[in-house]
Amino acid sequence: MLVEKNVPLQAFNTFHIVAKAHSLIRIRSEEDVRAVLADPDLAVSPKFVLGGGSNIVLTGDVKPVVLKVEIAGKRLLQGTPRHYIVEAGAGEGWHDLVAWTLEQGYPGLENMALIPGTVGAAPVQNIGAYGLELQDRFDSLDAIDLQTGQVFTLNAAQCAFGYRDSIFKHSSNAELLQALGLKDRVLILRVRFAIPKAWKPVLGYADLEKKMAEQHCDQPTARQIFDWICDIRRAKLPDPAVIGNAGSFFKNPTVTPEQCADIIARDPKVVHYLLADGSVKLAAGWLIDSCGWRGKTVGHAGVYEKQALVLVNRGTGNDGDGATGGEVMTLAKAIQTSVYERFGIQLEPEPVVI
Ligand code: EPU
């Protein structure tokens, strides 16, 4: 087991924030985790599990031991009568998995093409885009307990998926029996997906409908949807390889119909969607945009010109010209304050702040 010291993390977080890991260990198998736990010092050290670094804001050097997940492998497990069960190692790139399933003839993940990050990070925030969430195609996952080394399997219900939420985002609270969170307690090893054998396109999302109309195509193939999603995302979201960012910075808030009516009375154009449970989801991007933040810059952090929900690093990180995590969080707080003052809504950040 190699413990790397003072490892620059700039290339390991999509915001390209400059920070170091005091210690970093690459995890390529279950045995690598066991080796960490067998070491008397490492066993008791706080640990931080790093996937693709696409949903984190680093506000300084990382003192906990960084376990960088690089577990590889993609395969078709025995299918069920109605589903292909595909298993992927937690270190595989998410987009590579989507492309691979399509090439292999197991379409069904295409609406989630081009989401940055790794397979192991995908269940943590229940990634989603264009009408599909990870939980819609999820079968189960294997994880290892970072205290006991015990490997266990969780199904969808046990992962407690919610909107950009799961059991892996919550700390356990011994006083609240129902709050059995797994945050910082486990490392996800591999994830299995249940992909329906009878493929049906997931359409209905405005951007996709627009593509269909433009191309005069009302029965797209999975490959067409994949290509369209890639085009749509490239057109409105910054490529992290070019401009540092962590995707949507805030969750879309939900409000009561009364709160929404109150906002509509003042701002009739507010973008909102009625949810099945009667509550109303508001487009956080629109709220931020209408407070005038789109394209603004504070220090080296900014609000993306084409999508106000995305905060970006205006610098390259070379020669100290990049954004610090502190600058990103200062900008985020300023945005939260102005949205709260104007709409009375508290925006909740999506990335994990470290
Ligand atoms: N809007 C504005 N101004 C802006 C940005 C958006 O007016 O600056 C309006 C748009 O015109 C649109 C509405 O807000 O009417 C919603 O925008 P969009 O369709 O781009 O989706 P979103 O709600 O901003 C969510 C996800 C994205 C996902 C897209 C597509 C969250 C927090 N974000 O964004 O996920 O790709 O839908 O499904 O739910 C991510 O989580 O990192 C992410 C990129």
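Start with the largest pocket, which has a volume of about 1,500 Å³. This is a predicted model, in which local features need pLDDT of at least 70 and side-chain atom pairs count only at pLDDT 80 or more, while totals for chains, interfaces and linings use all residues. Residues are numbered from 1 along each chain as its sequence is written, and side-chain values use heavy atoms, with hydrogens and water left out.

**Stop 1: the largest pocket.** Select Tyr-130, Arg-164, Tyr-205, Ser-248 and Gln-307, the closest to the pocket's centre among its 49 lining residues. A pocket here is an open set of points on a 1 Å grid over the protein atoms alone, with protein on both sides within 12 Å along at least five of seven lines; a cavity is a set of points where a 1.4 Å probe fits but cannot get out, and lining residues have an atom within 4 Å of a point. Points are joined across faces, edges and corners, and a volume is the space filled by probe spheres set on them.

Next, colour the elements that give two or more residues to this lining: β8 (128–129), β9 (132–133), α6 (222–236), β13 (245–248) and α8 (284–290). Elements are DSSP runs numbered from the N terminus, helices being H or I of at least four residues and strands E of at least two. By class, the lining of the largest pocket holds 22 nonpolar, 13 polar and 14 charged residues. Nonpolar covers Ala, Val, Leu, Ile, Met, Phe, Trp, Tyr, Cys and Pro; charged covers Asp, Glu, Lys and Arg; the others, Gly among them, are polar.

Now show domain 2 (74–196) and domain 3 (244–353): both give residues to the lining of the largest pocket, so it lies between them. Domain bounds come from an automatic or database domain assignment.

**Stop 2: the second largest pocket.** Select Phe-48, Val-49, Ala-121, Val-124 and Val-352, which lie nearest the centre of a pocket lined by 34 residues. The space in this second largest pocket is about 660 Å³. Strand β3 supplies the largest share of its lining, 4 residues. The lining of the second largest pocket has 20 nonpolar, 9 polar and 5 charged residues. Domain 1 (4–69) and domain 2 (74–196) both contribute to this lining, so the second largest pocket lies between them.

**Stop 3: domain 1 against domain 3.** The C-alpha centres of these two domains are 29 Å apart. Contact (heavy atoms within 4.5 Å) joins 12 residues of domain 1 to 20 residues of domain 3. The two domains bury about 1,200 Å² between them, 58% of it on carbon and sulfur atoms. Select Phe-15, Asn-55 and Val-57, which supply 54% of the area that domain 1 buries against domain 3, more than any other three residues. Buried area is the accessible area (1.4 Å probe) that two parts lose on being put together, summed over both.

**Stop 4: a salt bridge.** The whole structure has 21. For one of these, select Glu-87 and Arg-75, whose closest N and O atoms are 2.9 Å apart. Glu-87 lies in β7 (residues 83–89) and Arg-75 in β6 (residues 74–77), so the pair ties together parts 12 residues apart in sequence.

**Stop 5: the cavity.** The whole structure holds 1 cavity of 30 Å³ or more. Select its lining: Leu-9, Phe-12, Asn-13, Phe-48, Leu-50, Ile-56, Leu-58, Val-62 and Val-66. By class these are 8 nonpolar, 1 polar and no charged residues.

Notes
A salt bridge is a side-chain nitrogen of Lys or Arg within 4 Å of a carboxyl oxygen of Asp or Glu.
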